[in-house]
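Thanks for taking a look at this one with me. Here are some notes to read alongside the picture, in numbered points.

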Amino acid sequence: MRKRTFLAAATALFLAGSIGSTAWAADKLKVGFIYLGPVGDLGWTYQHELARQALVKEFGDKIETTYLENVPEGPDAERAIEQLVRAGNKLIFTTSFGYMDPTLKVAKKYPNVHFEHCSGYKRDKNMATYSSRWYQGRFIQGQIAAKMSKDGVLGYIGSFPIPEVISGINATMLGAQTVNPNIKVKIIWANTWFDPGKEADAAKALLDQGADVIMQHTDSPAAMQIASERGKPAFGQDSEMIKFGPKVQLTSVMDTWAPYYISRVKAELDGTWKSEDTWGGLDTKMFQMAPYTNMPDDVKKMAEETQAAITGGKLQPFKCPVVDQDGKTVPCEGGDHLSDKQILSMNFYVKGVDDKMPGK
Amino acid sequence: MELAEAIILSVLAASTPLLIAATGELVAERSGVLNLGVEGMMIVGAACGFGAAWLSGSIFVGALCGIAAGTLMSLIFAIMALGLAVNQVASGLALTIFGIGLSGLIGAGFVGERITSAPHLYIPGLTDLPVIGRIVFGEDAFVYFSLALIVGVWFFLYRTRSGLILRACGDNHVSAHALGYPVLRIRLFAVMFGGACAGLAGAYLPLAYTPFFIPGMTAGRGWIALALTVFASWRPGRLVIGAYLFGAVTILQLHAQGAGIGIPSQFMSSLPYLATVIVLVALSRARTGGSTAPAALGTVFVPDR
């Protein structure tokens, strides 16, 4: 018991210490953020932080922002969110899937405060959700990867086998198959979002086993850096990682939350904030593709054309018929493509993935 | 064969930071001090080591700064746990939390920068030997140093008088004190050695493993080193087995996944822990039939004056 008390006390101290320092003023709108990692992670949290900075630039002294970084998912998150409420924040962004239930709990307790939860599916009158259609970017990456791979074997580092990551793998494969129907993918699950050493080891293992393009769905630039060392093309994740692979990064799906954050804060200031579900694609600029680099002009042209087609709504990555890896056609619930619900709960591999899904 | 070579090279790289950090902790614990701050000392070593290497352009300077930073961190712990006789568990945990925050602050200016990683040994002829060439003669300096370090620690603990005295302090500080040995001073040196090793182990990550710094990049390796010390029943030989076994299973499970053998990845990810615990526990039961923890481990010592 004693140990646990220490831990709890220590965590509380740590949380208290990590509040970004801001001076309180009475008439400003206070906007709070809960971050999963450190703001300097160069990935997921960093991109949210960039968007927060964009808010400050946009609204100046009309708003006041505060963030808590390194907040673990789970019960601690609830305390952290409540802390932001008590400090007078009226609009609170909780920026990781695991904050879903804690956010909902606090939202029920404080009906006058507005909450925005990233990448979850539970909503309430005062709790909106937002996420991005990253799979669109993955489809483009799949096409590029298939063009760039000499041996037709892609290496994919996954974090956890959750629908978001699985739909990413599937979109990659569907994109790749438009170029090379026999493309193969090797998948390694790191079972972590962030462990540079392990991500590097996974990248090494994939390359040693004959994969010649590296793609990742984990957060650090470690895999990119290994690919760079070995001179093999790779894709960044969450943010621009070209610095870690100047000669090998092909592109990167970059989270750019600023436009969304600005529109939501504006709504809050105007008194028009409503609880909504926003799932932004390439057309909303909630994520963007990093410049297409280190590839021949024809590949670049293809990527740009695909991007334009997806942005314009002419191309659906999950266009029916979608066939799963056992050869069964997946029911088509969204007209001529899979419905959002099907993509958000995806738990099967598409045909061509020669790997068993963990736990299936 | 090429694949086997690649796997072994990855295993050595993955195991080295664990081995270095655990060696330091082993010495500290053998003197009777439980320092749970390994993770914190490592991450500060990583931040300072990377910063110094980036500014100076020298991996060696980086490694030295990592060692210095780890030692300074351990001194904070020593002031609390030895000087003020504060509970060791509490001060160790505090050190880790402090270290994680401090490293973020120190490293903030270096995030996103790159360095060239530590060079690997190259001896014409020997390094080119098939299969074993690169494994035996083509490592970076950290790998060779970690092996020399553990042999040195073994020799010190079991073959020198000073080592015997250090172990005596860990087993019964009252008797050691009664015999006239400066228990607190010996423990201070042991804690500083532990800090130096943790700092070096931390510095290894951004200097040789993944040559950039990111907050939190130790990702729990300090805790694994702590656990290894315990499961190796505080013996240098078993520590080597434990560290390399852990590294080996970590890398092998990644390869097994890549090869698509169809065992759930969640289970595979837990394998390194399972395998290491089972092997080391079996080893210690077969040889000694029970716990060999230093008897005074974790207890506070206040000399009567």
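1. Start with a pair of helices in chain B. Helix 2 (residues 38-56) of chain B packs against helix 3 (residues 59-83) of chain B at an angle of about 145°, and their axes lie 7 Å apart. The crossing of these two helices of chain B is right-handed. Please keep in mind that this is a predicted model.

2. Which residues make that contact? From helix 2 of chain B come, among others, B:Gly40, B:Met41, B:Val44, B:Gly45 and B:Cys48, and they meet a set in helix 3 of chain B that includes B:Ile59, B:Val61, B:Gly62, B:Ala63 and B:Cys65. Sorted by class, the contact of helix 2 with helix 3 of chain B holds twelve nonpolar and eight polar residues, with no charged residues.

3. Now step back to chain B as a whole. Its secondary structure consists of twelve helices and zero strands. The C-alpha trace of chain B spans about 65 × 50 × 40 Å along its principal axes. A compact globule of 305 residues would have a radius of gyration near 19 Å, and chain B agrees with this at 20 Å. Of the 305 residues in chain B, 52% are buried. Counting contacts in chain B between residues at least 6 apart in sequence, 79% join residues at least 24 apart.

4. Chain A brings in strands. Six of them form an open sheet in chain A, in the order 2-1-3-4-5-11, and the pairing is parallel. Strand 2 (63-68) and strand 11 (277-280) of chain A are the edge strands, each pairing on one side only. On average, neighbouring strands of this sheet are turned by 15° against each other, direction ignored.

5. Helix 2 (residues 44-59) of chain A lies across strand 1 (29-34) and strand 2 of chain A, and runs at about 165° to strand 2 of chain A. Helix 4 (residues 100-109) of chain A lies across strand 3 (91-94), strand 4 (114-118) and strand 5 of chain A, at about 170° to strand 4 of chain A.

6. Is strand 5 of chain A enclosed or open? Six of the six residues of strand 5 of chain A are buried, so this strand is largely enclosed by the rest of the structure. A:Met127, A:Thr129 and A:Ser131 point one way from strand 5 of chain A, while A:Ala128, A:Tyr130 and A:Ser132 point the other way, and all are buried.

7. Strand 5 of chain A has a partner on each side that you can trace. Four bridges join strand 4 of chain A to strand 5 of chain A, and the two run parallel. Here A:Glu116 has A:Ala128 in strand 5 of chain A as its bridge partner. Strand 5 (residues 127-132) of chain A also pairs with strand 11 of chain A in the parallel sense over four bridges. A:Ser131 stands opposite A:Trp279 in strand 11 of chain A, and A:Ser132 stands opposite A:Gly280.

8. Strand 10 (residues 249-255) of chain A is mostly covered, with six of its seven residues buried. Strand 9 (residues 234-238) of chain A pairs with strand 10 of chain A in the parallel sense over four bridges, and A:Gln237 has A:Val253 as its bridge partner. By contrast, strand 12 (residues 287-289) of chain A pairs with strand 10 of chain A in the antiparallel sense over three bridges, with A:Met254 and A:Gln288 as bridge partners.

9. Why does A:Pro221 count as buried? Because 35 other C-beta atoms lie within 10 Å of A:Pro221, and 20 or more are enough to call a residue buried. Leaving aside residues up to four places away in sequence, A:Pro221 touches A:Leu42, A:Met241, A:Phe244 and B:Phe212. The C-alpha atoms of A:Pro221 and A:Gly245 are separated by 8.9 Å, with the two residues 24 apart along the chain.

10. Finally, look at where the chains meet. The contact takes 38 residues from chain A and 38 residues from chain B. The largest share of chain A's side, nine residues, comes from helix 7 of chain A. The residues of that side of chain A divide into 18 nonpolar, nine polar and eleven charged.

Technical notes. Residues are numbered from 1 along each chain as its sequence is written. Chains are lettered from A and ligands numbered from 1 in the order in which they are written. This is a predicted model: local features need pLDDT of at least 70, side-chain atom pairs count only at pLDDT 80 or more; totals for chains, interfaces and linings use all residues. Two residues are in contact if their C-beta atoms, placed from the backbone, lie within 7 Å. Ala, Val, Leu, Ile, Met, Phe, Trp, Tyr, Cys and Pro count as nonpolar, Asp, Glu, Lys and Arg as charged, and the others, Gly among them, as polar. Axes are lines fitted to C-alpha atoms, for helices over the stretch in contact, and angles run from 0 to 180 degrees between N-to-C directions. A crossing is left-handed if the near helix is turned anticlockwise from the far one by less than a right angle, and right-handed if clockwise. Two strands pair if DSSP finds at least two bridges between them. The radius of gyration is taken over C-alpha atoms; the globule rule is 2.2 Å times the number of residues to the power 0.38. A residue is buried if 20 or more other C-beta atoms lie within 10 Å of its own, exposed if 12 or fewer, and partly exposed in between; C-beta atoms are placed from the backbone.
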